[in-house]
Amino acid sequence: MRIGMIGLGRMGANMVRRLARGGHECVAFDQSAQAVQALSAEGAKGAHTLAEFVAALTPPRVVWLMVPAAIVDKVLSQLSPLLAKDDVIIDGGNSYYHDDLRRAKEMQRFGIHYVDVGTSGGVLGLEKGFCLMIGGEDAVVARLEPIFATLALGGSTDAAAGTAARGYLHCGAVGAGHFVKMVHNGIEYGLMAAYAEGLNILKHADAGLAARSADAETAPLQNPELFRYTLDIAAIAEVWRHGSIIASQLLDLTAGALARDPTLEHFAGRVSDSGEGRWTIQAAIEEGVPAHVLSAALYSRFDSRGNAEYASKVLSAMRLGFGGHVESKS
């Protein structure tokens, strides 16, 4: 099939490469001329304007957007007037499923089909394949299946297992793909936080070796002899990768990072969130479903960016007021 890709960042560019390896013809467009040139040198057909991009595609066209959620509407406003009835737009980024429903209705006025695809796999997707969570009309999704099959991980060919065993799934109507991906990312927040907190406990297993202040502002370590382990955190992360029930790709990446930089001194510890964790918690609230772990993981990210500093100052001010407690310098 011939497909156009708008957005040639880390994932978009690798998706073009994987599609090309699978025999698909790819037209590539990005605001960065350098990104377009790089993929053109690898065999993709580069386009330097949206008009040129659309003209290079054969009707009914298939256009895959791999751009930040914040600019999807802008891209659609520029792209949709250039398309024709029965063309398909795929949003493969991390858009909010609420926006999918609105955009699908807007595109429907032009006769353009809208498909949302939650895409997981990151920079490893080129070689390992991507996990695709798809929302859209049955007939349109079926038409696009060769594209999904190429991008996905692959694996079982057992028809009874369905496409899920091969790394892609038509989850439901428009919005369903991004809804599933939203919760996927919320779970990802929780898993990452669990690894980080566990390794942090191991990192401080030597607390009994350090001298502690003996004053009213410092909780005593009652049994310091129980916390005198100097542990090799990188080696622990590595051994967990082999036969452990908590082995995972996230643990693989963590172990790799610790092997390269055991103290993680090149990281400031400021953790961003791109929206999916927030949307997951909002969905849980609307559904009346508890999400304790996912909520705590999201709030931890807020804390990492210094957003709890004012609250902490308020706490210190209250302690000083009611008990004369002066903040410790350490």
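Visitor: Before we look at the sheet, what does it take for two strands to pair here?
Guide: Two strands pair if DSSP finds at least two bridges between them, and please keep in mind that this is a predicted model.

Visitor: Okay, so what order do the strands of the open sheet come in?
Guide: The open sheet has eight strands in the order S3-S2-S1-S4-S5-S6-S7-S8, and their pairing is mixed.

Visitor: And which are the edge strands?
Guide: They are strand S3, residues 45-47, and strand S8, residues 168-172, each of which pairs on one side only. Between neighbouring strands of this sheet the turn is 25° on average, with direction ignored.

Visitor: How do S6 and S7 pair, parallel or antiparallel?
Guide: Strand S6 (residues 113-120) and strand S7 (residues 131-135) pair in the antiparallel sense, over five bridges. In one of these, Gly118 has Met133 in S7 as its bridge partner.

Visitor: Which strands does helix H4 lie across?
Guide: Helix H4, residues 72-79, lies across strands S1 (2-6), S4 (62-65), S5 (88-91) and S6, and it runs at about 155° to S4. Helix H2, residues 33-40, lies across S2 (25-29) and S3, running at about 165° to S3.

Visitor: Changing topic, what volume does the second largest pocket have?
Guide: Its volume is about 250 Å³, and 15 residues line this pocket, with Ile6, Gln31, Val67, Ile71 and Val75 lying nearest its centre.

Visitor: Which element gives the most to that lining?
Guide: That is H4, which gives three residues to the lining of the second largest pocket.

Visitor: How many of the lining residues are nonpolar?
Guide: Nine are nonpolar, while four are polar and two are charged.

Methods:
Residues numbered from 1 in each chain as written. Predicted model: local features only at pLDDT ≥ 70, side-chain atom pairs only at ≥ 80, totals over all residues. Heavy atoms only, no water. Helix = DSSP H or I, 4+ residues; strand = E, 2+ residues; numbered from the N terminus. Axes fitted to C-alpha atoms, helices over the stretch in contact; angles between N-to-C directions. Contact = heavy atoms within 4.5 Å. 1 Å grid on protein atoms, 1.4 Å probe; cavity = no way out; pocket = protein on both sides within 12 Å on 5 of 7 lines; lining within 4 Å. Points joined across faces, edges and corners; volume = space filled by probe spheres on them. Nonpolar A, V, L, I, M, F, W, Y, C, P; charged D, E, K, R; others polar.
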